[in-house]
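Please look over the sequence and the 3D structure shown below before reading on. The report that comes after them is written for a reader who is new to protein structure.

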Amino acid sequence: MKIAVSDGAFDAYVARPDAASAPVVVVIQEIFGVNADLRTTCDELAAKGFIAISPDLFWRAGPGIEFNKLDEQEWQRGFELYKGFDFDRGVKDIVATIDAARSIAGGSGKVAVMGFCLGGLMAYLVAARGEVDAAVAYYGGGTDNHLNEADQVTAPLLMHLAEEDEYIPADAQARVKAALGGRAHIEIHGYRGCNHAFARHGGSHYDVNAAALANQRTETFLRRTLGA
């Protein structure tokens, strides 16, 4: 599907369930674009009964950028795109995707956001700045730099943190837990012995047990908050 914003338009991958009506999950990318891994995540959500929509957040740098080999060259290019990424515009792009998802054919009108790494941070920022029914953040790098927005998060929020995350050190995780923990609408889970991106299909730090547990918690959370 195509999403229009004030300075152009961008594509979004859509995966649909068999159900006639379903809630929508907006799936937000890592630094590798809407790649095969992210499309697989969308397809898995569709198999569980959700409409999954994944917007291309790097479209201003070049439409359809995606990295799948994840070799040194692709990592370097991904980090370059991350460093040049406009987070405020990215939030607005996701909010535009949410708005489109509210009225998508076959949608129930309920919309959640779910993101990984860069997408995890974006899910948190969208929950703070936009209108969304629920948010899920997998190892959102840089979340600790935006804790001044914590009080603006009023929608249910589920966070997954890898306790051995090389990009989100223990002190950053402690600040996140101190700012967000203990709130009735926010759930935070840590995964002992896991590194960053433990839920990326086939990734170097993929942990099948931790990924399965996190994904089951996510499914339960989405069904509860979206009425699926």
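This is a predicted model: local features need pLDDT of at least 70, side-chain atom pairs count only at pLDDT 80 or more; totals for chains, interfaces and linings use all residues.

Residues are numbered from 1 along each chain as its sequence is written, and side-chain values use heavy atoms, with hydrogens and water left out.

A nonpolar core is a set of buried Ala, Val, Leu, Ile, Met, Phe, Trp, Tyr and Cys residues joined through side-chain atoms within 4.5 Å. Buried means under 20% relative accessible area, exposed means over 50%, and partly exposed lies in between (1.4 Å probe, protein chains only). The largest nonpolar core has 47 residues, and I94, V113 and Y124 touch the most other members. Helix α4 (residues 118–129) supplies the largest share of this core, 9 residues. Apart from it lies another core, of 33 residues, among them A172, Y191, A197 and F221.

Helices (H or I, at least four residues) and strands (E, at least two) are DSSP runs, numbered from the N terminus. In α4, 11 of the 12 residues are buried, including L118, G119 and Y124. Contact means heavy atoms within 4.5 Å, and, leaving aside neighbours within four places in sequence, Y124 is in contact with residues including T143, H146, L157 and L180.

Rings of Phe, Tyr and Trp (its six-membered ring) pair if their centres lie within 6.5 Å; planes under 30 degrees apart count as stacked, over 60 as edge-to-face and the rest as tilted. By this rule there are 12 aromatic pairs. The rings of F58 and F85 have centres 5.8 Å apart and planes at 75°, so this pair is edge-to-face. F58 lies in the loop between β4 (51–55) and α2 (72–83), and F85 in the loop between α2 and α3 (87–102), so the pair ties together parts that are 27 residues apart in sequence. One aromatic cluster is formed by F116, Y138, Y139, Y191 and F198.

A disulfide is a pair of cysteine sulfur atoms within 2.5 Å, and the structure holds 0 disulfides. The sulfur of C42 is 16 Å from the closest cysteine sulfur, in C117, too far for a bond. For C117, the nearest cysteine sulfur, that of C194, is 15 Å away.

| Residue | Relative accessibility | Class |
|---|---|---|
| F58 | 2% | buried |
| F85 | 11% | buried |
| C42 | 0% | buried |
| C117 | 18% | buried |
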